[in-house]
Amino acid sequence: MTKEVLLVEDSPGDVRLTLEAFRDVGIDVHLHVAVDGVEAVAFLNQEGTYASAPRPDFILLDLNLPKMDGRQVLARIKNDESLKTIPTVILTTSDAAADVANSYQLQANCYLTKPVQLDEFEALVKSISDFWLRKVKLPRPVQ
Amino acid sequence: MPLEILLVEDSPGDVRLTQEAFRIAGKRINLNVATDGVAAMEFLRREGVHGEAPRPDFILLDLNLPKMDGREVLAHIKEDEELKTIPTIILTTSEAEVDILRSYKLQANCYLNKPVQLEAFEFLVKTVNEFWLTLARLPPRETVV
């Protein structure tokens with residue numbers, strides 16, 4: 001079964017690398033990209049042009065985003081009874097202790113920092129997809 | 001400083017395997033074991049004999065436990081402002097959709113099935129160790145928010 005993944009990321013380079021890393025892992029994935037927080041929330045709430053967007057099985061969320069910050073997006077997800085069960089993993093360049101603590105406080109499922117090196121970034125995305133999309137049991141969406 | 005892990009598991013065999021898998025992984029880890037849900041909560045709340053217990057950096061929680069069920073332990077952890085930030089991973093033989101969904105509803109950080117085969121179990125513990133204890137950032141020990 002194809003897994004629906006929502007990647008919330010404003011850097012085109014990181015989007016590209018993530019797409020490639022997911023493809024290399026060979027898991028059947030539909031990767032949807034939202035380039036800012038407002039778009040991510042619209043996608044999740046199936047608003048406007050996203051009326052027929054699928055419910056993601058898994059969310060990869062950057063913290064520093066235009067329009068609406070990733071911290072706010074995370075809070076929206078985890079305060080929503082229907083969306084809160086979607087595993088939401090923070091993938092960000094910030095390694096500030098306050099961001100780590102605050103994300104876990106908001107009930108992010110996991111926090112990872114983006115390595116600066118390209119090959120390390122690729123390896124990390126592969127580990128994320130292998131662990132979360134292969135090993136972990138994801139909740140089955142409630143219809 | 002070693003990482004403090006709380007393993008909540010009633011099967012002595014699984015405790016032993018987990019200990020060995022972590023030891024092979026070679027990380028500096030203190031594996032604290034609670035064999036039922038009541039003991040787990042006493043450890044986390046530093047009650048009774050656990051007055052000096054460290055705050056775990058990471059929790060591995062079975063669902064089917066004596067005295068107090070893992071589902072209840074999870075709910076207690078995630079309702080507690082102090083404890084809710086500790087990444088809590090469900091590791092259980094239950095494959096029931098209702099258990100998976102309920103665990104995520106209660107904000108378990110992730111849900112894993114215990115493989116029956118010894119080697120597969122060891123491999124899974126190794127993977128958990130690599131992903132959560134090497135790649136992932138765990139919350140800081142002191143509250144900074």
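Modeller: Leaving out neighbours within four places in sequence, B:Ala136 is in contact with A:Cys110, A:Tyr111, A:Leu112 and B:Phe131, where a contact is two residues whose C-beta atoms, placed from the backbone, lie within 7 Å. Before going further: this is a predicted model, with local features needing pLDDT of at least 70 and side-chain atom pairs counted only at pLDDT 80 or more, while totals for chains, interfaces and linings use all residues. Residues are numbered from 1 along each chain as its sequence is written, and chains are lettered from A and ligands numbered from 1 in the order in which they are written.

Back to the spot itself. B:Ala136 lies in the segment after α5 of chain B; helices here are DSSP runs of H or I with at least four residues, strands are runs of E with at least two, and both are numbered from the N terminus. B:Ala136 counts as buried because it has 22 C-beta neighbours inside 10 Å. The cut-offs are 20 or more other C-beta atoms within 10 Å for buried, 12 or fewer for exposed, and partly exposed in between, again with C-beta atoms placed from the backbone. For a sense of distance, B:Gly13 is 123 residues from B:Ala136 in sequence, and their C-alpha atoms are 28 Å apart.

Now zoom out to where the chains meet. Here 23 residues of chain B are in contact with 24 residues of chain A. On the chain B side, α4 (97-105), β5 (110-113) and α5 (118-135) each supply at least two residues, and α4(B) gives the largest share, 5 residues. By class, that side of chain B has 14 nonpolar, 6 polar and 3 charged residues. For those classes, Ala, Val, Leu, Ile, Met, Phe, Trp, Tyr, Cys and Pro count as nonpolar, Asp, Glu, Lys and Arg as charged, and the others, Gly among them, as polar.

Over in chain A, one of the partners of B:Ala136 is A:Cys110, and A:Cys110 in β5(A) stands opposite A:Val89. Strand β4 (residues 88-92) of chain A runs parallel to β5(A), joined by 4 bridges; strands pair if DSSP finds at least two bridges between them. The chain crosses from β4(A) through α4(A) to β5(A) in a right-handed β-α-β crossover, meaning that with the strands pointing away from the viewer, the path from the first strand over the helix to the second runs clockwise. In the loop between α4 (97-105) and β5 (110-113) of chain A you'll find A:Gln107, which has a positive phi of about 75 degrees although it is not a glycine. A:Gln107 counts as partly exposed because it has 19 C-beta neighbours inside 10 Å.

A:Val89 turns up again in the largest nonpolar core, which has 73 residues; A:Val8, A:Val89 and B:Val8 have the most contacts inside it. Such a core is a set of buried Ala, Val, Leu, Ile, Met, Phe, Trp, Tyr and Cys residues joined through C-beta atoms within 7 Å. Beyond four places in sequence, A:Val8 touches residues including A:Ala34, A:Ile59, A:Leu61 and A:Val73.

Chain B has its own strand pairings to look at. There, β1 (residues 3-8) and β2 (residues 29-34) run parallel, with 6 bridges joining them, and B:Leu3 stands opposite B:Ile29. Together with helix α1 (residues 12-25), those strands of chain B make a right-handed β-α-β unit. β1(B) also pairs with β3 (residues 58-61) of chain B, in the parallel sense over 4 bridges, with B:Ile5 opposite B:Phe58.

As for the chain as a whole, chain B has 5 helices and 5 strands, running β-α-β-α-β-α-β-α-β-α from the N terminus on. Its radius of gyration is 14 Å, close to the 15 Å that the globule rule gives for 145 residues, so chain B is as compact as a globular protein of that length. That radius is taken over C-alpha atoms, and the rule is 2.2 Å times the number of residues to the power 0.38. Buried residues make up 37% of the 145 residues in chain B, and its C-alpha trace spans about 40 × 35 × 30 Å along the principal axes.
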